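I begin with confidence and then go through individual elements and residues.

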Amino acid sequence: MSPPQAPAYQLSDGPGQSATLSLSGDWAQGQEPVDFRDLRPELVALAPRQLLVDGDALGRWDSLLMAFLLQCHNYCRAEGIELDVSPLPESARQLLRVATTVPPHERPREPRPGLLQRLNPLRAARGALRDIAESMAFLGDLGIALLNLCRGRSNTRFTDFRHFCYQSGPDAFAIISLTSVLVGMILAYLGAVQLKLFGAEIYVANLVVIGMLREMGVLMTAVVMAGRTGAAYAAQLGTMQTNEEIDAITTMGVSPMEFLVVPRVLALVITLPLLTIYADLLGVLGGAIVAGGMGITLLQYVSQIEQAISMTHLLVGLSKSVVFAVLIAIAGCRSGIQSGRGSAAVGNAATEAVVTALIYLIVADAAINILFQHLEI
Amino acid sequence: MASSEAHISVRGVTMAYGARVIQQGLNFDVNRGDIFVIMGGSGCGKSTLLKHMLGLIEPAAGEILYDGQSFTRADTATRDAMRRRWGITYQSGGLFSAMTLGENVSLPLQLYTDYSRAEVTEVVAYKLALVGLGGYESYYPSEVSGGMRKRAALSRAIALDPQILFFDEPSAGLDPISSRLLDELIVQIKESMGATVVMVTHELPSIFGIATNSVYLDAASKTMIACGDPRQLRDHSDQPVVRQFLAREAAAEPEAEA
Ligand SMILES: Nc1ncnc2c1ncn2[C@@H]1O[C@H](COP(=O)(O)OP(=O)(O)OP(=O)(O)O)[C@@H](O)[C@H]1O
Ligand SMILES: [Mg+2]
């Protein structure tokens, strides 16, 4: 093997309007490469009608040579120059032929909105409105699918429903236990400091039971389920979209709404209230631990709770949990079904599912609280 | 056949998923410069064999050697070094969906060469042009057709001018013209770089057009029942199944089965 030589080219004027491009040296990786952009001005200056590429002094070569030749070819085609590569090695000619069989594709330019346009509040408002409209349409479709289910003319499968119930219910016990005990304790601490000022520590029990039942139990459970189940729904459906599974379901004549969304929504509507009751119980237990630390006996705590507790508080929490369940499931399923194709799109769908679910939860919770305030419930 | 030097040797390999044996007693050599085809009915274990050769699945018994060096017993560093000289396409593409076609092809170049950014761009343009996708750099895999994804995956596989190319059904889903172009491309790459090609394919035109050697895996007996030049096998194999596979489909419509 001869010592490596730097690749080089020389452009020389020939008879008539022809020119010769002589290539020499090793056009392979590891050598100082040649840039076609250096050659271009020389070609422009010479403006030949025919260009002969001569490879007599060519040493080793690999894709770098081919990339260079391809650029020559594209330039010559654009300028109407006749390119003759016949003196090159056979395999380089063949590769160039394969590479140039299909003319390069030109991507159509899509108008990108300018910065001003993108910041335009009208435009943003229109986007938000469209988003809300799409959500409403989704909700409507879901309503129709549920109606079909009630009329017994649905493709919803009970096995799917059971599977999702299991996934969103028992599987979530551990994390719900942890969060609700801690939330109960936090509530108790928060109240204890203030109530102590008035010597009314015993009312910690009232605070914990009302706070958990009406608000914190259901909200914390819903937040955990939005991150856990909502994101899982979006990822499952997004992956199905990627694998063309949703297309397959649609062309089988089955509504994806009935087949995929309804069992998920129903599962969450069943499990979230149950988990909420469980969370309430554990929250009150957490409160008892803190109360015990403050010198309130268990008996005192329990009897105080007996006075504070009422069916209304429990029902307020449960009715919220049903609403939240529907919202979480809708946010998850909608992001999943409308997801793009590919791993990045599925990731975006999962993120979007959690973010929308959280926004829905907070807004809905505020709205429900205001409503109940006015109804004096 | 270029030379009779064994580039890849499969020695007494048994492939199994858990307790379920897929194929056993596999013994064959792939010579340098061969275009070696793995044939067999659907589900007989062709993709599985390819994954064994790639080291994605470990053989239950036996070993696989490259240039006389055991790949099965090699440590991770050695394996990575060996793999760097391979180009691979998978049955369902394996393109990174979060990257554009251009980024997909440039990734191995950025990882393993010292090309400047401009050179990477040029080489990517060339590699995509080779598979007829010139100008599609900025498209995402989800924005092009299934056949185009196949070709883009091939373009990524040849990015580093590999010495061994592994293809799992490269031409499935391509139209006859692209499919022929692809065959031609494989031959060109092989000739210009002295590469060895191992591929799984059902396309009889490619099998007879470019393959120089082959192995036939049988699902029923769970072992290889024929090995050699597919044209020879079609006419002279002592196994009727093999002759049928190669001949009957050749007479009928080859595309239909694929
Ligand atoms: N991950 C896996 N786990 C268990 N069994 C598997 C797995 N992948 C494949 N199999 C089984 O191994 C056998 C061979 O599969 P393989 O994918 O290798 O088939 P193939 O020959 O490539 O078929 P095709 O031509 O349809 O692609 C099949 O019977 C399949 O059920
Ligand atoms: Mg396969």
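1. In chain B, where is confidence lowest and where is it highest? This is a predicted model, and in chain B the lowest mean, 42, belongs to helix α10 (residues 254–257) of chain B, while the highest, 94, belongs to strand β4 (residues 61–66) of chain B. Over residues 250–258 of chain B the pLDDT is below 50, and this stretch has eight contacts in the model beyond near neighbours in sequence.

2. For chain B as a whole, the average pLDDT is 86, and 94% of the residues score at least 70. For the complex, the predictor gives an ipTM of 0.70 together with a pTM of 0.72.

3. Helix α13 of chain A covers residues 343–375, which makes 33 residues, and its first and last C-alpha atoms are 47 Å apart, close to the 48 Å expected at 1.5 Å a residue. Just after α13(A), Glu376(A) adopts a positive phi of about 55°.

4. The buried residues of α13(A) include Ala345(A), Ala349(A), Ala353(A), Thr356(A), Leu361(A), Asp365(A), Ile368(A) and Phe372(A). The partners against which the buried residues of this helix pack are α8 (204–242) and α12 (311–337) of chain A.

5. Thr356(A), which is placed in helix α13 of chain A, deserves a paragraph of its own. Is Thr356(A) buried or exposed? Thr356(A) counts as buried because its relative accessible area is 16%, and the cut-off for that term is under 20%. Leaving aside neighbours within four places in sequence, Thr356(A) is in contact with Ala331(A) and Ser335(A). A polar atom of the Thr356(A) side chain lies 2.3 Å from the backbone oxygen of Glu352(A). The C-alpha atoms of Thr356(A) and Ala226(A) are separated by 9.3 Å, although these residues are 130 residues apart along the chain.

6. The UniProt record, an unreviewed entry, lists several spans of chain A as "transmembrane region", among them residues 314–337 and 349–372. In the model, residues 314–337 of chain A are 100% helix and 0% strand, with end C-alpha atoms that lie 34 Å apart. Residues 349–372 of chain A are likewise 100% helix and 0% strand, and here the end C-alpha atoms are 34 Å apart.

7. Helix α10 of chain A (residues 256–293) has 38 residues and reaches 53 Å from its first C-alpha to its last, which is close to the 56 Å expected at 1.5 Å a residue. Within α10(A) there is a kink of about 35° at Val262(A), shortly before the proline Pro263(A). After α10(A) comes Gly295(A), with a positive phi near 95°.

8. Asp160(A), in helix α6 (residues 158–168) of chain A, is in contact with Phe259(A) and that proline, Pro263(A), when neighbours within four places in sequence are left aside. Asp160(A) counts as buried, since its relative accessibility is 15%. The side chain of Asp160(A) also makes a polar contact of 3.1 Å with the side chain of Arg157(A).

9. Finally, Gly14(A) sits in the loop between β1 (8–13) and β2 (18–27) of chain A. With a relative accessible area of 23%, Gly14(A) is partly exposed.

Terms used
Residues are numbered from 1 along each chain as its sequence is written. Chains are lettered from A and ligands numbered from 1 in the order in which they are written. This is a predicted model: local features need pLDDT of at least 70, side-chain atom pairs count only at pLDDT 80 or more; totals for chains, interfaces and linings use all residues. Side-chain values use heavy atoms; hydrogens and water are left out. pLDDT is the predictor's confidence in each residue, from 0 to 100. Helices (H or I, at least four residues) and strands (E, at least two) are DSSP runs, numbered from the N terminus. Contact means heavy atoms within 4.5 Å. The expected span of a helix is 1.5 Å times one less than its number of residues. Buried means under 20% relative accessible area, exposed over 50%, partly exposed in between (1.4 Å probe, protein chains only). A polar contact is a pair of N or O atoms within 3.5 Å; within protein, one must be able to donate a hydrogen and the other to accept it, and residues adjacent in sequence count only if both atoms are side-chain atoms. UniProt positions are given in the numbering used here, feature names are shortened, and annotations may be inferred rather than shown by experiment. The bend at a residue is the angle between axes fitted to the seven residues ending there and the seven starting there.
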